[in-house]
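Colleague: I've got a model open and would like to learn how to read its features one by one. Could you walk me through it, starting with how you sort residues by exposure?

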Amino acid sequence: MNPKLLPIIALSLTGIPFLYLVDKYQALLDHITLSLIGVAVCSLVVLFAAFALPKPKQRDPWFYFFLLCCFTCVIGLMLGLETVGIVKECAAWWLKSVEEYLNTHWGASINLFDGFYHFALYLIMMDRMFAGKSYRSIGLYWSGSIINSLIVLVGGAFASHHPIRPGILLNTPFFFLPLIFLLQQLKQRDQSTNGSPYSLVTRIGFAAYFAFAALFVTLRALTLSYSTLNIVDFYQRHVELGLQEPTAFVLIETLLYQFYLAPFCAYAAFDLLKNGRRHSFLVDWSLVLAGVVANGQVGLLGPYLGVRAVADPTILPTTVIPEYFWSSQLVFTIGIQLFAWISAAQTNNIKIKSR
């Protein structure tokens with residue numbers, strides 16, 4: 001590990017005493033005051049990093065945002081551990097009075113994912129900054145993941161029975177700044193690698209995967225439309241029982257898959273069969289949507305794996321035919337990850353050879 005990352009990790013860990021102090025002195029705080037304290041603490045983290053921590057030689061404003069996100073990842077991890085009952089009396093008040101929608105099976109899964117997976121992505125991107133290397137591919141992947149996370153969590157909070165507190169506004173920069181980052185990176189597409197062909201095995205294999213993914217996503221969406229098709233009824237009653245009475249989070253994620261992921265999968269399958277050549281649009285958006293799928297599947301599959309929020313009375317979803325459920329979900333989840341990173345790795349290899 002790069003030694004320059006150690007002070008960043010140490011600073012991030014200060015999120016634990018911050019949560020503890022908030023929980024201990026909850027009687028002195030109202031919702032507005034807590035929101036202002038949250039803004040002040042985040043500002044102090046960035047200011048301290050700007051003056052006291054090592055920085056990359058090449059200035060990059062995103063370094064400070066990723067550093068702040070490391071701090072919030074630790075807070076998210078503690079919230080997730082409190083939600084599932086591993087940690088007690090550290091973030092209980094926050095979950096009860098500030099962001100109650102996180103005190104759910106979905107919220108627990110996403111917070112644990114944020115605390116481990118996103119935290120690792122931030123460290124990797126900052127390490128590449130210190131080394132003067134590009135972090136664009138990882139950044140595209142991360143932006144898809146975190147934007148999806150915020151859309152589903154905040155959207156689910158508004159669409160469900162959970163009360164909305166001012167603290168939810170603390171999520172605002174963590175949606176809009178990744179969106180700005182994504183748009184910025186997409187404008188910087190490298191057209192120099194366009195036209196390099198995929199191998200025949202890659203074309204056929206991943207075209208078949210994308211066709212399956214588009215149909216699979218559509219099948220899941222049809223279960224929400226009360227379709228009378230036999231295959232839809234079979235899937236809902238025997239394979240993915242959680243879709244019979246979906247939570248607001250599951251509903252939003254399923255619709256996001258249908259309206260954004262399914263069209264891309266159909267396009268990718270057609271493009272691989274007809275064109276069969278690597279181009280920036282396909283590579284970039286496969287990375288973004290691979291991040292979306294990684295994040296979404298954690299929320300969807302976490303409860304099936306037993307991730308349970310202690311305070312959430314909702315019964316964990318089950319499946320009658322686990323071999324159908326897990327085989328289809330794993331193929332769907334892993335396929336786009338493989339395509340995105342194989343494409344990105346081959347593109348980077350071409351860039352290196354062309355220099």
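Modeller: Aspartate 233 is a partly exposed case, with a relative accessible area of 31%. Before we go on, this is a predicted model: local features need pLDDT of at least 70, side-chain atom pairs count only at pLDDT 80 or more, and totals for chains, interfaces and linings use all residues. Numbering starts from 1 along each chain as its sequence is written, and side-chain values use heavy atoms, leaving out hydrogens and water.

Colleague: Which residue does aspartate 233 meet in a salt bridge?

Modeller: Side chains of opposite charge can pair when their charged atoms come close. The rule here is a side-chain nitrogen of Lys or Arg within 4 Å of a carboxyl oxygen of Asp or Glu. Aspartate 233 meets arginine 237, at 2.7 Å from N to O. The two are about one helical turn apart because they sit four residues from each other in helix α10. Helices, by the way, are DSSP runs (H or I, at least four residues), and they are numbered from the N terminus.

Colleague: How many salt bridges does that rule give?

Modeller: The count is three. Aspartate 284 pairs with arginine 136, their closest N and O atoms lying 2.8 Å apart.
Arginine 220 pairs with glutamate 240, with 2.7 Å between the closest N and O atoms. Here arginine 220 is in helix α9 and glutamate 240 is in the loop between α10 and α11, 20 residues apart. Both arginine 220 and glutamate 240 are buried.

Colleague: What does glycine 291 touch?

Modeller: Contact means heavy atoms within 4.5 Å. Setting aside residues up to four places away in sequence, glycine 291 touches Tyr141, Gly144 and Ser145. Glycine 291 sits in helix α12, residues 280–301, and counts as buried because its relative accessibility is 0%.
For a second example, take threonine 333 in helix α13, residues 322–354. Beyond its neighbours within four places, threonine 333 contacts Val293, Gln297 and Leu301. Threonine 333 is also buried, at 16% relative accessibility.

Colleague: Where does phi take a positive value in a residue other than glycine?

Modeller: Most residues other than glycine have a negative phi. Glutamate 89 has a positive one, near 60 degrees, in the loop between α4 (62–83) and α5 (92–97). Tyrosine 226 has phi near 55 degrees, also positive, and lies in the loop between α9 (200–222) and α10 (230–239). Glutamate 89 counts as exposed, at 56% relative accessibility, and tyrosine 226 does at 75%.

Colleague: Which residues form a nonpolar patch on the surface?

Modeller: Patches take residues with over 30% relative accessible area and no salt bridge, joining like charges within 9 Å and nonpolar side chains (Val, Leu, Ile, Met, Phe, Trp, Tyr) within 5 Å. Tyr20, Leu21, Tyr25 and Leu28 form a nonpolar one, with about 450 Å² of accessible area together (Shrake-Rupley, 1.4 Å probe, only the protein chains shown counting as cover). Leucine 21 is in helix α2, residues 15–24, and is partly exposed at 46%.

Colleague: How many cavities of 30 Å³ or more turn up in the whole structure?

Modeller: One. On a 1 Å grid over the protein atoms alone, a cavity is a set of points where a 1.4 Å probe fits but cannot get out; a pocket is an open set with protein on both sides within 12 Å along at least five of seven lines; lining residues have an atom within 4 Å of a point. Points join across faces, edges and corners, and volume is the space filled by probe spheres set on them.
The largest cavity comes to about 500 Å³. Its lining has 29 residues, with Thr72, Glu99, Asp114, Asn171 and Phe174 nearest the centre. The largest share, seven residues, comes from α4.

Colleague: What volume does the largest pocket have?

Modeller: About 630 Å³. His105, Glu245, Thr247, Thr314 and Ile315 are closest to its centre, out of 29 lining residues. Two or more lining residues come from each of α6, α11 (248–274) and α12, and α11 gives the most, with three.

Conventions:
Buried means under 20% relative accessible area, exposed over 50%, partly exposed in between (1.4 Å probe, protein chains only).
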